[in-house]
Amino acid sequence: MNIPDPRGPISAGVLALLAGEPAASPAGLAALHALVQGQLSASEDVIADDDVQLALFCLYELHYGGLDGVDDRWEWHPGLIGIRQLLEEPFEARLRSEARQVTASVARPDTATPASDATAALLFHLAAQDGGPSVSRYVAKKATVAQLREFLIHKSLYQLKEADPHTWAIPRLSGRAKAALVEIQTDEYGGGRPDRMHSALFARTMRGLGLNDSYGGYVDAVPAISLASVNAMSLFGLNRRLRGAIAGHLAMYEMTSSRPNQLYGNGFRRLGFDPAVTGYFDEHVEADAVHEQIAGRDLAGGLVEAEPDLFEDVLFGAAAVSCIDARFATHLMDAWENGRTSLRLPDAAAA
């Protein structure tokens, strides 16, 4: 991915450090560690903090496709992992705080080992709760072509590497939960057909609207909430202790996907786009109707049956999706309904 422009002292410090050699940076690491500690103490909301979210996004990207020109040895450098953990701690704390507001009213099962159907029922209950304004209904009925481009740009940070953050969980699960995750991911990766990979389908949709489909091509254009959405997945996927959260996250993703994708597809068709463009959304209508059952009962439910202590983290991961999606929807609708762009760079969505 191209190196993005920094958005403050933390991301500037991270990118400056990554430009150098890992073995030659002990003083730079110590200085950055101190800077991050100081900046975090002044951040009122790390989820909406552009500087924090971009720094985290870049650090996580070292575990995916990497950053152009950055030495791959940085990926597991202990000092850099320590800085990542400094950023993760308040991010996770804020996510947990907001998730508790969603799950506080959920009636927990009256057994120490909830059955998989009981866990799935709770997750479906969470998925049915109103999480804010509906972007999908707006896209279906009102969005302009320019707004569709903006929507795709926001989503491109995840959809062009769709499924990768959840794949980190495969070696961390076993038995029924592992088999369920592999079954879902096989579909996400096209069942062996590169052209059917969901990331490839999304890239085709972007090209159909005249957008750049290279991964990270719009990282400078998206706001903190779009980065936070992807960072939450990486946080859950890259930390084994959060395997319950990544399972709950994927379950909620699948449970809230089918109907919105149908509406998204309708919105693109309303404006004259053909099946080559709508194929990504159409694929998710049928696939995720199946995936939501597998993810709820076999992945999340199976994991809780095998490891009951992870029940609360499964709920946390699921509720985190609702919280971030609600923030994202509020950001988007506030901009669009007031005649503004939802992007940081107004010209990014130009044809």
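In which hand, left or right, does H5 pass H15? I opened the notebook with that. The model is predicted, and I kept this in mind throughout.

**Entry 1: H5 and H15**

I located helix H5 at residues 116-128 and helix H15 at residues 311-337. Their axes come within 10 Å. They cross at roughly 25°. Angles under 35 degrees count as roughly parallel, so H5 is roughly parallel to H15. My opening question has its reply here: H5 passes H15 in a right-handed crossing.

Next I looked up the residues that touch. From H5 I noted Thr119, Leu122, Leu123 and Leu126. They meet Phe311, Val314, Leu315 and Ala318 of H15. I sorted this contact by class and found seven nonpolar residues, one polar and no charged.

**Entry 2: H3 and H4**

I turned to another helix pair. Helix H3 covers residues 50-61, and helix H4 covers residues 78-103. I found their axes within 10 Å, crossing at roughly 135°. That angle makes H3 oblique to H4. I recorded the crossing of H3 and H4 as left-handed.

On the H3 side I listed Val52, Gln53, Ala55, Leu56, Leu59 and Tyr60. On the H4 side they meet Leu80, Ile83, Arg84, Leu87, Glu88 and Phe91. How does the contact of H3 with H4 divide by class? I noted nine nonpolar residues, one polar and two charged.

**Entry 3: the largest pocket**

The largest pocket has a volume of about 1,200 Å³. I saw that 49 residues line this pocket. Which of them are closest to its centre? I wrote down Thr256, Ser257, Pro260, Tyr264 and Asp325.

H15 came up again here. This helix gives the largest share of the pocket lining, seven residues. I also sorted the lining by class: 24 nonpolar, 16 polar and nine charged residues.

Notes:
Residues are numbered from 1 along each chain as its sequence is written. This is a predicted model: local features need pLDDT of at least 70, side-chain atom pairs count only at pLDDT 80 or more; totals for chains, interfaces and linings use all residues. Side-chain values use heavy atoms; hydrogens and water are left out. Axes are lines fitted to C-alpha atoms, for helices over the stretch in contact, and angles run from 0 to 180 degrees between N-to-C directions. Helices (H or I, at least four residues) and strands (E, at least two) are DSSP runs, numbered from the N terminus. Angles under 35 degrees count as roughly parallel, over 145 as roughly antiparallel, 65 to 115 as roughly perpendicular and the rest as oblique. A crossing is left-handed if the near helix is turned anticlockwise from the far one by less than a right angle, and right-handed if clockwise. Contact means heavy atoms within 4.5 Å. Ala, Val, Leu, Ile, Met, Phe, Trp, Tyr, Cys and Pro count as nonpolar, Asp, Glu, Lys and Arg as charged, and the others, Gly among them, as polar. On a 1 Å grid over the protein atoms alone, a cavity is a set of points where a 1.4 Å probe fits but cannot get out, and a pocket is an open set with protein on both sides within 12 Å along at least five of seven lines; lining residues have an atom within 4 Å of a point. Grid points are joined across faces, edges and corners, and a volume is the space filled by probe spheres set on the points.
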